[in-house]
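Student: I am new to this structure and would like to learn how to read it. Could we go through it together, step by step?

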Amino acid sequence: MANPGELDEVARYRYVSFTTYRRTGEPVSTPVWLARDGELVSFISDDGTGKIKRLARDPRVSLRPCSMRGEVAPGAPTHTGTATVHRDAATIARVRAAIGRKYPEGRVGNAVLGLLARVGVGGRPRAAVVVTIGPWPAGTTG
């Protein structure tokens, strides 16, 4: 489990380079919005994306502060952890609310997606990704 200072640090980042790992061990990074959710950090993603598929096989993740385009500054800290994918409506709603508190501009997008879903237009299934900051389990490497 993360120490409180590390959790606070990760939760303060505006954008996070979220890294998952292929079967070969090759890292794949994606910039995400991430918000604190109690003693965890979380974000919402379209279900079925590469990162969601990779997490089903390997829960190890790395997080680094980045720009909106995913550019990581030289020397930026790396935080490790494990992530789980949740598809239940209650967890998705809780994470969506946490994201909305941190990123007010995201509320507009969520409102539009909600309206489209109600009228049966568009809207891909969503998943909540919940991250526990801390060392990887023994015997794993990245």
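Student: Where is the place of V72?

Tutor: Some ground rules come before that. This is a predicted model, in which local features need pLDDT of at least 70 and side-chain atom pairs count only at pLDDT 80 or more, while totals for chains, interfaces and linings use all residues. Residues are numbered from 1 along each chain as its sequence is written, and side-chain values use heavy atoms, with hydrogens and water left out. Helices (H or I, at least four residues) and strands (E, at least two) are DSSP runs, numbered from the N terminus. With that in hand, V72 sits in the loop between strand 5 (60–65) and strand 6 (79–86).

Student: Is V72 buried or exposed, or partly exposed?

Tutor: Buried means under 20% relative accessible area, exposed over 50%, and partly exposed in between (1.4 Å probe, protein chains only). V72 is partly exposed, because its relative accessible area is 29%.

Student: Which residues is V72 in contact with, leaving aside neighbours within four places in sequence?

Tutor: Contact means heavy atoms within 4.5 Å. By that rule V72 is in contact with S17, R64, P65 and C66. V72 and P31 are 41 residues apart in sequence, and their C-alpha atoms are 9.6 Å apart in space.

Student: Now the strands. What order do they have in the sheet?

Tutor: Strands of a sheet pair through backbone hydrogen bonds, either parallel or antiparallel. Here two strands pair if DSSP finds at least two bridges between them. This open sheet has 7 strands in the order 2-1-5-6-7-4-3, with antiparallel pairing. Strand 2 (27–32) and strand 3 (35–37) are the edge strands, each pairing on one side only.

Student: How many bridges join strand 5 to strand 6?

Tutor: There are 4 bridges between these antiparallel strands. L63 stands opposite H79 in strand 6, and S62 has T80 as its bridge partner there. Moving on, 6 bridges join strand 6 to strand 7, again antiparallel, and G81 stands opposite I133 in strand 7.

Student: R60 is in strand 5. Is R60 buried or exposed?

Tutor: R60 is buried, because its relative accessible area is 7%. A polar contact is a pair of N or O atoms within 3.5 Å; within protein, one must be able to donate a hydrogen and the other to accept it, and residues adjacent in sequence count only if both atoms are side-chain atoms. The side chain of R60 makes such a contact with the side chain of D58, at 2.6 Å.

Student: Which residues have the most contacts inside the largest nonpolar core?

Tutor: A nonpolar core is a set of buried Ala, Val, Leu, Ile, Met, Phe, Trp, Tyr and Cys residues joined through side-chain atoms within 4.5 Å. The largest one has 19 residues, and F18, V41, V129 and V131 have the most contacts inside it. Among the elements giving two or more residues to this core are helix 1 (4–12), helix 2 (50–57) and strand 7 (126–133). Strand 7 gives the most, with 4 residues. Apart from this core lies another, of 8 residues, including I44 and V95.

Student: Which residues of helix 3 are buried?

Tutor: An α-helix has 3.6 residues a turn, so residues three or four places apart point the same way. In helix 3 (residues 89–102), the buried residues are T91, I92, V95, A98, I99 and G100.

Conventions:
The expected span of a helix is 1.5 Å times one less than its number of residues.
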